[in-house]
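Please open the model in your viewer and keep the selection panel at hand. The stops below are meant to be followed in order, each one giving something to select and then what is found there.

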2 protein chains.
Amino acid sequence: MSKIVSLKSDRLKIEVCLTPALLPLHKLENSIAVVIDIFRATSSICYGIENGADAIIPVSKVEECAAYHGTGCLLAAERDGEVVEGFDFGNSPFAYTPEKVAGKTVVLTTTNGTHAIQLSRAAKRIVIGSFLNLSSLTEWLREEHENVILVCAGWKNNFNLEDTIFAGAVVNQLKSDRYVLDDAAIAAEDLYLMAKDDLGKFLSKSSHSERLKKLGIEEDIAFCLRVDETSAIPVLEGDRLVKL
Amino acid sequence: MSKIVSLKSDRLKIEVCLTPALLPLHKLENSIAVVIDIFRATSSICYGIENGADAIIPVSKVEECAAYHGTGCLLAAERDGEVVEGFDFGNSPFAYTPEKVAGKTVVLTTTNGTHAIQLSRAAKRIVIGSFLNLSSLTEWLREEHENVILVCAGWKNNFNLEDTIFAGAVVNQLKSDRYVLDDAAIAAEDLYLMAKDDLGKFLSKSSHSERLKKLGIEEDIAFCLRVDETSAIPVLEGDRLVKL
């Protein structure tokens with residue numbers, strides 16, 4: 001009996017936190033947190049770090065972002081899917097090309113993604129995930145041999161499909177006898193398996209997709225669903241996301 | 001444009017609240033709340049009301065339940081899957097047969113289900129759902145023509161598979177052009193569609209199923225997954241659940 005118990009406790013956990021509102025239920029301090037905001041913050045962060053940005057500083061509020069004015073940083077602010085007036089850009093991945101961000105520091109605030117990063121601060125380590133860096137992220141997580149919490153940024157603390165599907169993709173690549181999954185991880189993987197043959201089509205029925213379509217950013221959406229386009233893993237060091 | 005907006009706002013909502021911790025995000029006051037705790041509270045409540053219990057009084061705390069001692073009520077208290085010492089019974093459906101509950105009032109406190117009922121009190125109306133009364137519940141919801149929030153009790157505020165699958169079953173039966181679904185409702189329906197051909201097998205991989213197996217209550221689980229075994233719909237009137 002004691003042997004079974006000890007074997008069980010040796011197994012690592014893969015948990016999916018379906019919205020930041022559920023973070024208090026998780027033991028972040030013993031885990032690597034992967035923050036996920038597919039449309040579009042974490043996709044753009046992965047793309048920007050891949051493209052040579054020195055750092056991306058995530059901040060919660062528009063005013064915090066504005067406070068960096070005149071420091072030489074690029075200022076990016078998005079609310080409700082649109083660039084906030086007076087800022088260089090928002091969170092479209094096409095604003096994070098090498099020409100625009102190489103050698104630069106970007107200060108970024110978004111509706112959901114940067115909020116989720118701030119709320120995950122108790123984690124042992126915080127990294128950023130998106131379909132763009134899926135395989136390199138999963139490979140690194142496997143080598144780290146730690147508990148993993150996949151933190152879905154959602155939409156204003158509500159569950160959303162696209163972040164959950166991506167969490168399920170990580171579960172699908174990472175899972176093995178070494179890990180125990182929670183129910184949310186099991187569900188996320190199942191949803192990913194239903195979605196994977198045509199992510200765009202599966203997500204076209206989501207509420208967020210409707211919202212983004214109204215904003216006229218279908219190209220952003222298609223780009224954010226490209227798998228393994230990049231290999232850089234953004235990691236939080238102090239207050240900034242840098243290349244691991 | 002105004003016509004489109006007006007058409008849109010005429011549509012009713014089906015939302016799934018994946019755990020009670022997310023209830024503050026929903027507008028309960030304009031909706032019927034269906035409380036769901038498949039293993040086993042809401043299954044047992046449906047079975048008890050079907051079997052002629054006068055009423056079932058859900059209370060949050062064991063002490064509240066104990067306070068009814070000597071009133072002629074049956075006292076049922078469950079914590080972490082087991083009957084609390086000194087109580088008549090817990091939340092096994094087999095304690096809610098006609099012989100035991102007909103003409104009686106039961107006072108019930110459980111780990112998750114009664115908690116979810118209390119937190120849903122702002123709703124226009126609270127009813128109780130389980131696979132046992134799936135079709136009669138859905139038929140009634142359709143006739144009511146109201147917004148519906150399916151409240152999954154979960155496990156200590158965590159997401160669980162079985163409550164979500166049942167929510168998905170209701171979405172699947174109820175949805176039509178009349179309703180807009182949120183992302184959680186879309187996901188729940190997809191999971192139900194994966195699970196429906198063999199609910200027991202699908203759920204055998206869930207964390208809660210492992211926990212219940214350890215408690216030696218496989219027969220309870222199998223019973224709670226029987227579809228359309230009953231037709232009564234328990235509804236909250238004041239502080240008690242009675243037959244609608």
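Begin with helix α2 of chain A and colour its buried residues, which are Ala41(A), Thr42(A), Ser43(A), Ser44(A), Ile45(A), Cys46(A), Tyr47(A), Gly48(A), Ile49(A) and Glu50(A). Bear in mind throughout that this is a predicted model. Helix α2(A) covers residues 41-50, and because 10 of its 10 residues are buried, the helix is largely enclosed by the rest of the structure.

Now widen the selection to the whole of chain A, in which 11 helices and 11 strands are found. Of the 244 residues in this chain, 53% are buried. If you orient the C-alpha trace of chain A along its principal axes, the spans are about 65 × 40 × 30 Å. How does the radius of gyration of chain A stand against that of a compact globule? For 244 residues such a globule would have a value near 18 Å, and the 17 Å of chain A agrees with this. Among the contacts in chain A with a separation of 6 or more, 80% are between residues 24 or more positions apart.

Next, show both chains and select the residues on either side of the boundary: 23 residues of chain B are in contact with 23 residues of chain A. On the side of chain B that touches chain A, helices α7 (161-174), α8 (183-195) and α10 (207-214) each supply at least two residues. The largest share of that side of chain B comes from α8(B), with 7 residues. Coloured by class, the residues on the side of chain B that touches chain A comprise 11 nonpolar, 8 polar and 4 charged.

Stay in chain B for the last stop, and select helix α6(B), residues 134-144, together with α7(B); their axes come within 10 Å and cross at roughly 50°. To see where they meet, display Leu134(B), Ser135(B), Thr138(B), Leu141(B) and Arg142(B) from α6(B), which face Ala169(B), Val170(B), Gln173(B) and Leu174(B) from α7(B) across the contact. Taken by class, this contact between α6(B) and α7(B) has 5 nonpolar, 3 polar and 1 charged residues.

Terms used: Residues numbered from 1 in each chain as written. Chains lettered and ligands numbered in written order. Predicted model: local features only at pLDDT ≥ 70, side-chain atom pairs only at ≥ 80, totals over all residues. Buried ≥ 20, exposed ≤ 12 C-beta atoms within 10 Å, placed from the backbone. Helix = DSSP H or I, 4+ residues; strand = E, 2+ residues; numbered from the N terminus. Contact = placed C-beta atoms within 7 Å. Nonpolar A, V, L, I, M, F, W, Y, C, P; charged D, E, K, R; others polar. Rg over C-alpha atoms; globule rule 2.2 N^0.38 Å. Axes fitted to C-alpha atoms, helices over the stretch in contact; angles between N-to-C directions.
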